[in-house]
Amino acid sequence: MTTSYHLIASPDTWIEGEALRQLEQTATLPGMRAAVGLPDLHPGQGYPIGAAFLSERIYPALVGNDIGCGMALWQTDLSRRRFKPERAAERLQGLEAPWAGELDDWRAEFDLEPTDFDAALGTIGGGNHFAEMQAVETVMDPAALSALGIETDQLLLLVHSGSRGLGESVLRGIVDQQGHQGLDPASPEAIDYLQQHDQALRWAEANRGLIAQRLFEALKTVGKRRLDIWHNLVQPVDWHGERLWLHRKGAAPADRGPVVIPGSRGSLSYLVQPLGDSAHSLHSLAHGAGRKWKRGEARGRLSGRQRPEDLVTTALGGRVICEDKELLYDEAPENYKGIERVVADLVEAGLMTVIATLRPLLTYKVRRPANRNGARPAQRQPGFRQPQRDRL
DNA sequence: ATGTAC
């Protein structure tokens, strides 16, 4: 069966040919009913990222390895006026190490069995994952903002992370056994995969919660969770009376209330209100700006123009903690499409409205990465330099 | 994306 795909993006939005080819190819998989590319669509490992798929069968490889990856937003009680990014950065240390506290309460709260990966519970991970202190920049919908319980004079914490090694092991387990084929939802393999997948969703949610708690403790504040949204998952849906499977791979849900669509660390993030009937978009939205350049290409592309010390401050005046040079280049704002275009596409498609924009003040990625030889600790990060406000 | 593959 060949299913046509639907792309939600204006002609002005640049989308890589390889991503479209992957979207088209994925739409031809057996049992596929609908495939939607969102404006942050970009190539993944065989399957595109920034897409949603509706199918009769369950495709673990479409969800990918980071099952349960998503965004969570907290309201803190830190005054935005009194916040000193450099002081806060000094307090944020050792978040890569296993959490020293007791995990039993976390497991109980999120209904988790102990796993071999629990030492990573409460750690951010690599790639595009981060924890970021943000300030409300512009409010477009004050009523929706206060309904969410968000105060404009106190900082927010946005956490983007997933299920770390656990999701990876769940995917590897099923792919080693079944390859990339779609699973019959009634089969024992599918039932077993879904049970592990659902646990990985809860683990990822708990992970974001513990990451947030560790930052709150370091910054001597507290926070209240305002939303926690998965963008990598598969779930059953009732589609006109039929039970089908909705896969989201880097796609935020449009049917779970407000979501945050972050830009790169150098641009604003958008807190948005999904709208109305979004069946043609498979009840999905973009999950971010979308990469423009592949990981690993960035250093070669940028290192001639920008040094590491240039990359630890952003055009919006934000401070970045990232002591892994490769990662610092890989996640530089230049690697990402403009979030403004992505957001405009979704608004013009009638899929959402903007509640508020959020400004990144301090982005935590990683300190002291494990060296390839495991020996020499990373160089101390260069000091904070005053951002160039005139570029705003 | 990942206690990464060789």
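Q: What makes the pair between Asp-116 and DNA strand B a polar contact?
A: A backbone N or O atom of Asp-116 lies 2.9 Å from a base oxygen of DNA strand B. A polar contact is a pair of N or O atoms within 3.5 Å; within protein, one must be able to donate a hydrogen and the other to accept it, and residues adjacent in sequence count only if both atoms are side-chain atoms. The Asp-116 pair therefore counts.

Q: How reliable is the model, and how is it labelled?
A: This is a predicted model: local features need pLDDT of at least 70, side-chain atom pairs count only at pLDDT 80 or more, and totals for chains, interfaces and linings use all residues. Residues are numbered from 1 along each chain as its sequence is written, chains are lettered from A and ligands numbered from 1 in the order written, and side-chain values use heavy atoms, leaving out hydrogens and water.

Q: How many residues surround DNA strand B?
A: 13 do, and the closest include Phe-117 and Arg-295. A residue is near a strand if one of its heavy atoms lies within 4 Å of it.

Q: What makes β8 an edge strand?
A: β8 (232–239) has a single partner strand, so one side is left without a neighbour in the sheet. The open sheet has the order β1-β2-β3-β9-β8. Strands are DSSP runs (E, at least two residues), helices likewise (H or I, at least four), numbered from the N terminus.

Q: How do you know that β8 and β9 pair?
A: Two strands pair if DSSP finds at least two bridges between them. Eight bridges join β8 to β9 (residues 242–249), so they pair, and they run antiparallel.

Q: Why is His-240 called exposed?
A: Buried means under 20% relative accessible area, exposed over 50%, partly exposed in between (1.4 Å probe, protein chains only). His-240 has 76% relative accessibility, so it counts as exposed. His-240 sits in the loop between β8 and β9.

Q: What is the phi of Lys-220, and is Lys-220 buried or exposed?
A: Its phi is positive, about 55 degrees, although Lys-220 is not a glycine. Most residues other than glycine have a negative phi. At 67% relative accessibility, Lys-220 counts as exposed.
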